[in-house]
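Thank you for asking me to look over this entry with you.

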Amino acid sequence: MVTVDVDGVSVSIASRSTEKGEGLVSEIFLEPRGICREHGSSQFRPGSHQERINIPTTTPVVYGSYDALISDESCEALYIPLPTKLHYNYVISALQSGKHVMLEKPVASSADEYRQMLKQASRSGKFLMDGTMFVHHPRTNEFVKSVPNATRVHFNFTFDGGKTFHASDIRTKKDGDFMGCIGDLGWYCTRMGLLVFSGADGNILHGLVTDVQVTRFELNDEGVPIDAECLVHFTESRILSFHCSFKHPLNQTVHISGHGCGYTSIITDAILPFAGASLMYTKVKQDLTQYDEIVTNETEVIECDNTLVQEVCMWRNFNRLTRVIDKESTLNSSASIADECWWSGDSRDVKEANSIASYSLLTQIIIDGLMESINCKGSKVKIMP
């Protein structure tokens with residue numbers, strides 16, 4: 001658990017023990033990341049990784065427990081990357097203590113839990129946002145709107161974890177992130193489909209998804225999904241299909257297509273972008289000629305500025321929205337689950353904050369449905385509007 005100031009800079013870290021926290025600080029903030037110790041003090045190396053990502057030059061405070069950090073009144077916001085089953089209690093406690101919260105995905109053990117978190121955020125007048133980075137980069141907004149009248153999205157998001165990963169990683173443990181590849185990789189796939197078929201407009205999410213199904217899956221010895229083929233059916237016969245797996249080579253490719261468009265939009269680095277001053281996606285048009293025996297191929301490459309990488313974009317948005325909610329939103333003791341208006345105010349920023357929360361909630365609802373499909377041996381599961 002990490003405390004950040006309103007500029008997204010780490011200032012303190014909490015762990016299950018002081019020793020673990022100090023070990024993390026040493027790994028991130030000292031020699032490996034651009035800090036050298038001279039005469040007992042931390043010295044900043046110009047041009048280092050630390051300078052590029054704006055890590056503070058002072059060593060963060062280390063707390064020996066999560067509760068100690070949450071109770072520190074000087075902290076404004078928390079980043080909580082704990083295992084999913086631990087989210088609910090710590091998020092509720094942090095919000096009740098007057099902290100804004102950035103939360104790792106999947107956001108909760110169930111959508112009902114996340115609704116309760118959002119209700120507490122509303123009561124406390126504090127922002128709760130999931131840490132899905134790719135949605136904050138300008139390329140994503142362009143890409144999801146690049147195919148008019150999109151009807152199909154297909155996403156392959158896989159990586160080969162290897163023996164050590166499968167033996168010990170929290171994402172393979174029923175007592176940790178028990179949703180496995182569905183909750184981890186499938187979260188990104190689901191969010192991408194929601195963005196495409198909503199046109200990145202959070203106001204039309206209600207009733208957008210009809211049913212979900214896991215058509216093929218593999219569970220490990222603890223019953224955690226490690227490989228799955230999934231379908232998410234949207235209104236107007238639109239479909240998101242995706243393969244998420246901890247057993248296949250790294251692949252993060254998205255295809256968007258639609259009726260009458262003539263081309264397919266493709267990203268090959270959707271979630272973990274390639275390094276560089278710009279990111280790109282392609283529009284590929286193929287046609288049959290010579291009695292349908294020869295294929296012609298036209299490719300258009302669209303470049304998007306990457307001066308601010310997606311992590312920076314996310315933290316800047318979090319900073320901006322926390323400030324707006326502190327300024328504009330009044331404490332709301334009667335937050336409505338039905339209208340999903342968690343923070344009050346008429347500004348575009350407050351509406352954006354509510355939209356982000358709605359996307360997170362619907363993503364969790366879909367993930368819950370996919371897990372239910374697995375429990376029902378691959379049956380279709382209806383998603384209630």
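1. Which residue forms a salt bridge with Lys126? In this predicted model, the partner is Asp326, and the closest N and O atoms of the two are 2.9 Å apart. The pair links distant parts of the chain, since Lys126 sits in the loop between α5 and β8 whereas Asp326 belongs to helix α10 (residues 310-328), 200 residues apart. Lys126 counts as buried at 16% relative accessibility, while Asp326, at 41%, counts as partly exposed.

2. For orientation, the chain has 11 helices and 17 strands, and buried residues make up 51% of its 385 residues. Among contacts between residues at least 6 apart in sequence, 65% join residues at least 24 apart.

3. The count of salt bridges comes to 12, and two further pairs deserve a look. Arg216 forms a salt bridge with Asp227, with the closest N and O atoms 2.2 Å apart; Arg216 lies in strand β10 (residues 209-219) and Asp227 in strand β11 (residues 225-234), so the pair ties together parts that are 11 residues apart in sequence. Here Arg216 is partly exposed, with a relative accessible area of 37%, whereas Asp227 is buried, at 2%.

4. The other pair is Arg320 with Asp349, where the closest N and O atoms are 2.6 Å apart. Elsewhere, salt bridges that share partners join Lys105, Asp169, Arg171 and Asp184 into one network.

5. Which charged residue is buried yet has no salt bridge? That is Asp72, for which the nearest side chain of opposite charge, Lys99, is 6.6 Å away. Asp72 is found in the loop between α3 (66-70) and β6 (77-80), and its side chain makes a polar contact with the side chain of Ser74, at 2.7 Å. Leaving aside neighbours within four places in sequence, Asp72 is in contact with Tyr63 and Lys99.

6. Helix α5 (residues 111-124) has 14 residues and reaches 20 Å from its first C-alpha to its last, close to the 20 Å expected at 1.5 Å a residue. Its buried residues, among them Tyr114, Met117 and Leu118, pack against α4 (87-96), β7 (100-103), β8 (128-130) and α11 (348-375). After the helix comes Gly125, whose phi is positive, near 70 degrees.

7. Helix α9 (residues 185-198) also has 14 residues, and its end C-alpha atoms are 20 Å apart, in agreement with the span it should have. In α9, 14 of the 14 residues are buried, so this helix is largely enclosed by the rest of the structure. The residue that follows α9 is Gly199, with a positive phi near 65 degrees.

8. Cys181 is buried, with a relative accessible area of 0%, whereas Cys376 counts as partly exposed, at 38%.

Key
Residues numbered from 1 in each chain as written. Predicted model: local features only at pLDDT ≥ 70, side-chain atom pairs only at ≥ 80, totals over all residues. Heavy atoms only, no water. Buried < 20%, exposed > 50% of the residue type's maximum accessible area, 1.4 Å probe, protein only. Helix = DSSP H or I, 4+ residues; strand = E, 2+ residues; numbered from the N terminus. Expected span 1.5 Å × (residues − 1). Contact = heavy atoms within 4.5 Å. Lys, Arg positive; Asp, Glu negative; His and termini not counted. Salt bridge = Lys/Arg side-chain N within 4 Å of Asp/Glu carboxyl O. Polar contact = N/O pair within 3.5 Å; in protein donor to acceptor, adjacent residues only side chain to side chain.
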